[in-house]
Amino acid sequence: LVPSVYTFSSLINVHVRSGDLSGALKVRKAMRKKGVRPNVGIFTILLRGYSQAGNMHRARALLDEMVAEDIRPDTRAIN
């Protein structure tokens, strides 16, 4: 089996929901190593996690990464 962006999205979501943002970033790093490009959903999950943790600086940095990777934030990503 080859993991897809949806597989990684589920794993990242589990980490974020449990408050394990460092675990979520490790999954994101593994995703990149496998050559899977993040989509707006991946960024939205991470943004939610950092916002809920009160880390607005990191959330803003993620928005900047989205733009740099030519991924357009949708209304869910910025709400």
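Biologist: Which way does α2 pass α4, in a left-handed or a right-handed crossing?

Modeller: In this predicted model, α2 passes α4 in a left-handed crossing. The axes of the two helices come within 15 Å and cross at roughly 15°. An angle under 35 degrees counts as roughly parallel, so α2 is roughly parallel to α4.

Biologist: And which residues meet there, between α2 and α4?

Modeller: From α2, the residues are Leu25, Arg28 and Arg32. They meet Arg58, Leu62 and Glu65 of α4.

Biologist: Staying with α4, which of its residues are buried?

Modeller: Ala59, Leu62 and Met66 are the buried residues of α4. Seen down the helix axis, they fall within an arc of 55°, so they line one face of α4.

Biologist: What do those buried residues pack against?

Modeller: The buried residues of α4 pack against α2, which covers 21-33, α3, which covers 40-52, and α5, which covers 75-78.

Biologist: Which residues are exposed on the other side of α4?

Modeller: On that side, His57, Arg60, Val67 and Ala68 are exposed.

Biologist: How far apart are the end C-alpha atoms of α4, and what span should one expect?

Modeller: Helix α4 has 13 residues, 56-68. The expected span is 1.5 Å times one less than the number of residues, so α4 should span 18 Å. Its end C-alpha atoms are 18 Å apart, which agrees with that expectation.

Biologist: What happens just after α4?

Modeller: Just after α4, Asp70 takes a positive phi of about 60°. This is a positive value in a residue other than glycine. Asp70 has its place in the loop between α4 and α5.

Biologist: Is Asp70 buried or exposed?

Modeller: Asp70 counts as exposed, because its relative accessibility is 71% and the cut-off for exposed is over 50%.

Biologist: Arg37 now, please. Where does it lie, and which residues does it contact?

Modeller: Arg37 lies in the loop between α2 and α3. Leaving aside its neighbours within four places in sequence, Arg37 is in contact with Val5, Met31, Glu69, Asp70 and Ile71. Arg37 and Asp70 are 33 residues apart along the chain, and their C-alpha atoms are separated by 11 Å.

Biologist: How about α2 and α3: at what angle do they pack?

Modeller: Helices α2 and α3 pack at an angle of about 160°, with their axes 11 Å apart. That makes α2 roughly antiparallel to α3, since the angle is over 145 degrees. Here α2 passes α3 in a left-handed crossing.

Biologist: Which residues of α2 and α3 meet?

Modeller: Leu21, Ala24, Leu25, Arg28, Met31 and Arg32 are the α2 residues. In α3 they meet Ile42, Phe43, Leu46, Gly49 and Tyr50.

Biologist: And the packing of α1 with α2, what is the geometry there?

Modeller: Helix α1, residues 5-17, packs with α2 at an angle of about 165°, and the axes are 7 Å apart. The two helices are therefore roughly antiparallel to each other. Their crossing is left-handed.

Biologist: Which residues of α1 meet α2?

Modeller: The α1 residues are Phe8, Leu11, Ile12, His15 and Val16. They meet Leu21, Gly23, Ala24, Val27, Arg28, Ala30 and Met31 in α2.

Biologist: Last one, on Ser9: buried or exposed?

Modeller: Ser9, which lies in helix α1, is buried, because its relative accessible area is 18% and buried means under 20%. Leaving aside its neighbours within four places in sequence, Ser9 is in contact with Ile42 and Ile45.

Methods: Residues numbered from 1 in each chain as written. Predicted model: local features only at pLDDT ≥ 70, side-chain atom pairs only at ≥ 80, totals over all residues. Heavy atoms only, no water. Helix = DSSP H or I, 4+ residues; strand = E, 2+ residues; numbered from the N terminus. Buried < 20%, exposed > 50% of the residue type's maximum accessible area, 1.4 Å probe, protein only. Arc of directions from axis to C-beta. Contact = heavy atoms within 4.5 Å. Axes fitted to C-alpha atoms, helices over the stretch in contact; angles between N-to-C directions. Parallel < 35°, antiparallel > 145°, perpendicular 65-115°, else oblique. Left-handed = near helix turned anticlockwise from the far one by under 90°.
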